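Could you walk me through this model in my viewer, one selection at a time? I would like to know what to pick next and what I will find there.

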Amino acid sequence: MMEPADHDALDAYSQIVSGVAETLLPRVAAITVRRRGRPGEASGSAVVLTAEGHLVTNAHVVGNADSGEATFADGSVASVEIVGRDPLADLAVVRVDRPVVDPPAYRDVDGLRIGTLVVAVGNPMGMAGSVTAGVVSGLGRALPVRTRNATRIVEDVIQTDAALNPGNSGGALADSRGQVVGINTAVAGIGLGLAVPINATTRRIIYALMHDGRVRRGYLGLATSPAPLPPDWAARTGQRTALRVVEVVAGSPASASGLRPGDLILAVAGAPLGDAQSLQRLLFEESIGTRMEITVLRNGALVDAVAVPADLTD
């Protein structure tokens, strides 16, 4: 038999999840698009970004489509225009043909911790308005995204055990206050979901998509993950963490520079790096074609490499 304290804890948990659902369900739409050159339709979710009708979703949801439809929780349907997409971040901005409800609050994930309660809202497997809950089970992950022409890396994704299924992509991952901390991007396996975080880098990407329709970004072709420095190097440099190179894309600028899986990236142009976001901040338009000096720790020795970011193209 459950103790009163257990009932109280369960009631509090239920109230939190119900409150988040009440806030977000009217602000997460189901979207359907018809991609050029592919039979059938693709579907996913999208989160209200502005009251004027902008919504944010995944680039892989909209693909190369130009238009589609959005269905909201009240049953209303609106035509969708694709404003812009950025495959590297797996983010896209679309706009519906009418004003919508005020957007939810968006919170940067900088203070997010492993174990934090999160709630996923989306439209999995055609079931509109679905809500699942779980916790943040990992931070700073890297997600390879492969297309016909290139392999790209989505950096700094959030890992959660909140149940995600096809159709959740593009939906909201929110904290206990109903603030959106990420955009659900993929189902990586049973009990494992991933979300693009809301942070300074993704805010810049979303702003560029809204106003310019695209993001010019430098491309290195690396997958990285935060990793602790060996104690002796931490003491020597005063730096506790670095970025471990997990994957180097063949034929990429990173490959040409001589970077290898297992390298620990300490600094770029002398500036210490501790997370994937700090590297991504350096890879916007101004980095394209510019020499980038990268210091790595390899087999106990410091190695300098020079990479020249390319212009990331769709």
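Which residue in β2 is the bridge partner of Ala30? Select Ser45, and you have that partner on screen. Keep in mind as you go that this is a predicted model.

Now widen the selection to residues 28–33 and 42–48: these are strands β1 and β2, which pair in the antiparallel sense over 6 bridges. They belong to a barrel that 6 strands close in the order β1-β2-β3-β6-β5-β4, with antiparallel pairing. From one strand to the next, the twist averages 40°.

The largest has 29 residues, and Val47, Val56, Leu91 and Val180 touch the most other members. Elements that each supply at least two of its residues include α1 (4–24), β6, β9 (151–160) and β11 (180–189). The largest share, 4 residues, comes from α3. Click on Val47 to see its neighbours, among them Val28, Leu55, Val56, Tyr106, Val180 and Ile183.

Last stop: Arg298, in strand β18 (residues 292–298). Is Arg298 buried or exposed? Its relative accessible area is 15%, so Arg298 counts as buried, the cut-off being under 20%. The side chain of Arg298 reaches the backbone oxygen of Gly258 at 3.1 Å. Show its contacts too: Arg298 touches Gly258, Leu259, Arg260, Asp263 and Val303, leaving aside residues up to four places away in sequence.

Conventions:
Residues are numbered from 1 along each chain as its sequence is written. This is a predicted model: local features need pLDDT of at least 70, side-chain atom pairs count only at pLDDT 80 or more; totals for chains, interfaces and linings use all residues. Side-chain values use heavy atoms; hydrogens and water are left out. Two strands pair if DSSP finds at least two bridges between them. Axes are lines fitted to C-alpha atoms, for helices over the stretch in contact, and angles run from 0 to 180 degrees between N-to-C directions. Buried means under 20% relative accessible area, exposed over 50%, partly exposed in between (1.4 Å probe, protein chains only). A polar contact is a pair of N or O atoms within 3.5 Å; within protein, one must be able to donate a hydrogen and the other to accept it, and residues adjacent in sequence count only if both atoms are side-chain atoms. Contact means heavy atoms within 4.5 Å. A nonpolar core is a set of buried Ala, Val, Leu, Ile, Met, Phe, Trp, Tyr and Cys residues joined through side-chain atoms within 4.5 Å.
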